[in-house]
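Thank you all for making time this morning. I would like to walk through a few local features, one after another, with the model on the screen.

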Amino acid sequence: MTGELLFASVGVILFALGVAGVLLIGHLLRRVLAFNVMGSGAFLVLVGLAQRNGIADPVPQAMVLTGIVVAVAATALALALVRRLYVLTGKLELSQDDDE
Amino acid sequence: MKRLLVVLGAVCFVVLLLGAMFDLAPASVQLHAAVAANLPASGVEHPVTAVLLNFRGYDTLLEIAVLLLAMIVILATGIDTAADVRPSVNPVLQALAKLAAPLMIMVAVYLLWAGAFRPGGAFQAGAVLAAAAVLLHLVELLPGWQSPSTRLRLGLAGGFLVFLAVGAGSLMRGALLEYPPEHAGRLILLVESGLTVSLGLILAGLFLLLSRDDGDGP
């Protein structure tokens, strides 16, 4: 297994962990973190797979750079909404009415 | 039950995707070759900057738009402000932050300039600027934002507006964000300077706005 495929494999595992976290965790802060783990996995897959023939490809790298900044913005937005929810309801979890 | 299903699904997903990845045929399009071939016409020497600001400039335009949108939504959520209660800050930390902040601004300008020919560019520079602002905020030299002034709002939107103006100008000449090769370097530096200021302000603002009601935060 080459180093690039190792990056991509770790990325896949991180993405799956993140998806499971987003679906299973009730606490909103941890859910936002799981969402970020998911994003990091996707970035690793993009960068890892793109350089598997030994040459770094600037296009996926630029896309990942863009993605990182957007992920930061999305995280900040999510945190702002979580804080707003906390101020309004005093809870850090969504109501579970439609669940199970 | 739900937990079991999700874990099973995730494991299946990993196995399938890993299997697909190890069988993956070599890429049919050699993007790095195309980038290298067009690099002289892009106005910069570093391939990642060329892709970000020239070949796929609309990605970056939309990215700064997304950041601005996030900022606007956070402003719109209107967190109730409360008294900012904090333990007093160590004066040594304050002195160090005062020393570090000008250096960080210098590093940001260097990164912006270096982006044309080596790793660096508007995003890294903006991140360093934002880190300087967050550092100053953490040692209480910079208050959290209650409500941005008109000048600050202009700074937040400035990078996007400059980029949009350059995009509109290039649209009139031909295609969106297709720079004429002889001016590409200068246009990219102009766009990147605007982006650096706006990115720094937005990233810092995301933190400073969210920390303005530290008193009763979760």
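At roughly what angle do the axes of helix 2 of chain B and helix 3 of chain B cross? Before I answer, please keep in mind that this is a predicted model. The axes of helix 2, residues 31–42 of chain B, and helix 3, residues 47–55 of chain B, cross at roughly 70 degrees and come within 10 Å. Because of that angle, helix 2 of chain B is roughly perpendicular to helix 3 of chain B, and the crossing in which helix 2 of chain B passes helix 3 of chain B is left-handed.

Staying in chain B, let us turn to B:Tyr110, which belongs to helix 5, residues 91–114 of that chain, and which is partly exposed, with a relative accessible area of 45%. The C-alpha atom of B:Tyr110 is separated by 7.9 Å from that of B:Ala125, although these residues are 15 residues apart along the chain.

Next comes a point about the backbone. Most residues other than glycine have a negative phi. B:Glu140, however, has a positive phi, near 65 degrees, and this residue is found in the loop between helix 6 (122–138) and helix 7 (150–173) of chain B. B:Glu140 is also partly exposed, its relative accessible area being 40%.

Finally, in chain A, a nonpolar patch on the surface is formed by A:Ile13, A:Leu17 and A:Val37, which together have about 250 Å² of accessible area. Of these, A:Val37 lies in helix 2, residues 28–50 of chain A, and is partly exposed, at a relative accessible area of 32%.

Terms used: Residues numbered from 1 in each chain as written. Chains lettered and ligands numbered in written order. Predicted model: local features only at pLDDT ≥ 70, side-chain atom pairs only at ≥ 80, totals over all residues. Heavy atoms only, no water. Patch = residues over 30% accessible without salt bridge, like charges linked within 9 Å, V, L, I, M, F, W, Y side chains within 5 Å. Areas by Shrake-Rupley, 256 points an atom, 1.4 Å probe, with all protein chains shown as cover. Salt bridge = Lys/Arg side-chain N within 4 Å of Asp/Glu carboxyl O. Helix = DSSP H or I, 4+ residues; strand = E, 2+ residues; numbered from the N terminus. Buried < 20%, exposed > 50% of the residue type's maximum accessible area, 1.4 Å probe, protein only. Axes fitted to C-alpha atoms, helices over the stretch in contact; angles between N-to-C directions. Parallel < 35°, antiparallel > 145°, perpendicular 65-115°, else oblique. Left-handed = near helix turned anticlockwise from the far one by under 90°.
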